[in-house]
Amino acid sequence: MSYVDGFVLAVPKSNLAAYRRLSRQAGKIWMEYGALSYVEAVEDDVKPGKSTSFPQAVKLKPGEVVVFAWIVYKSRAARDRINKQVMNDPRLKMQAENMPFDGKRMIFGGFKKLVEF
């Protein structure tokens with residue numbers, strides 16, 4: 001059964017173009033190493049909640065937008081192998097201060113599929 005990595009983060013609107021360039025590059029690299037699908041989406045209908053919400057989860061600040069993304073792999077083993085290759089790829093080597101978002105507020109994790117149509 002396929003495996004999914006998911007992540008949510010806040011991106012300053014002023015850095016959205018730079019983030020999109022990084023995402024396009026990252027997506028191509030993940031696909032090159034064997035990911036089945038790579039999707040990044042920017043908020044369109046995301047409201048703060050009373051108890052929980054995407055904006056609250058990433059501690060959204062004024063002038064920022066929420067990005068929700070996922071990568072699909074054939075299996076957990078494929079994900080582990082692919083992520084190791086991606087993390088060692090020189091095309092994605094960046095210093096933390098050059099990232100167009102605050103990585104400390106990024107939420108991410110791996111998930112086993114429960115239902116798929």
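Biologist: Let's start with the sheet in this predicted model. In what order do the strands of the open sheet come?

Modeller: The open sheet has four strands in the order S2-S3-S1-S4, and their pairing is antiparallel.

Biologist: What makes S2 and S4 the edge strands?

Modeller: Strand S2 (37–42) and strand S4 (107–112) each pair on one side only, and that puts them at the edges. As for the twist, it averages 15 degrees from one strand to the next.

Biologist: How do you know that S2 and S3 pair?

Modeller: Two strands count as paired if there are at least two bridges between them. S2 and strand S3 (residues 64–73) have six bridges, in the antiparallel sense, so they count as a pair. If you want a spot to look at, find Val 42, which stands opposite Val 67 in S3.

Biologist: And what holds paired strands together in general?

Modeller: Strands of a sheet pair through backbone hydrogen bonds, either parallel or antiparallel.

Biologist: Now the helices. Which strands does helix H1 lie across?

Modeller: Helix H1 (residues 16–33) lies across strand S1 (3–12), S2 and S3, and it runs at about 165 degrees to S2. Helix H3 (residues 76–88) packs on the sheet too, touching S1, S3 and S4. The direction of H3 makes about 45 degrees with that of S1.

Biologist: Take Arg 79, which sits in helix H3. Why is Arg 79 called buried?

Modeller: Buried means under 20% relative accessible area. Arg 79 has 14%, so it goes in the buried class.

Biologist: Which residues does Arg 79 touch, leaving out those up to four places away in sequence?

Modeller: Arg 79 touches Tyr 3, Asp 5, Tyr 73, Gly 109 and Gly 110.

Biologist: Over to helix H1, where Leu 22 is found. What makes Leu 22 count as buried?

Modeller: Leu 22 has 14% relative accessibility, and the limit is under 20%, so Leu 22 is buried. Leu 22 is also 77 residues from Met 99 in sequence, yet the two are 8.8 Å apart in space, C-alpha to C-alpha.

Biologist: What kind of surface patch does Phe 117 belong to?

Modeller: A nonpolar one: Phe 117 forms the patch with Leu 114 and Val 115, and together they have about 500 Å² of accessible area.

Technical notes:
Residues are numbered from 1 along each chain as its sequence is written. This is a predicted model: local features need pLDDT of at least 70, side-chain atom pairs count only at pLDDT 80 or more; totals for chains, interfaces and linings use all residues. Side-chain values use heavy atoms; hydrogens and water are left out. Helices (H or I, at least four residues) and strands (E, at least two) are DSSP runs, numbered from the N terminus. Axes are lines fitted to C-alpha atoms, for helices over the stretch in contact, and angles run from 0 to 180 degrees between N-to-C directions. Contact means heavy atoms within 4.5 Å. Patches are made of residues with over 30% relative accessible area and no salt bridge: like charges are joined within 9 Å, nonpolar side chains (Val, Leu, Ile, Met, Phe, Trp, Tyr) within 5 Å. Accessible areas come from the Shrake-Rupley method with a 1.4 Å probe; for residues, only the protein chains shown count as cover. A salt bridge is a side-chain nitrogen of Lys or Arg within 4 Å of a carboxyl oxygen of Asp or Glu. Buried means under 20% relative accessible area, exposed over 50%, partly exposed in between (1.4 Å probe, protein chains only).
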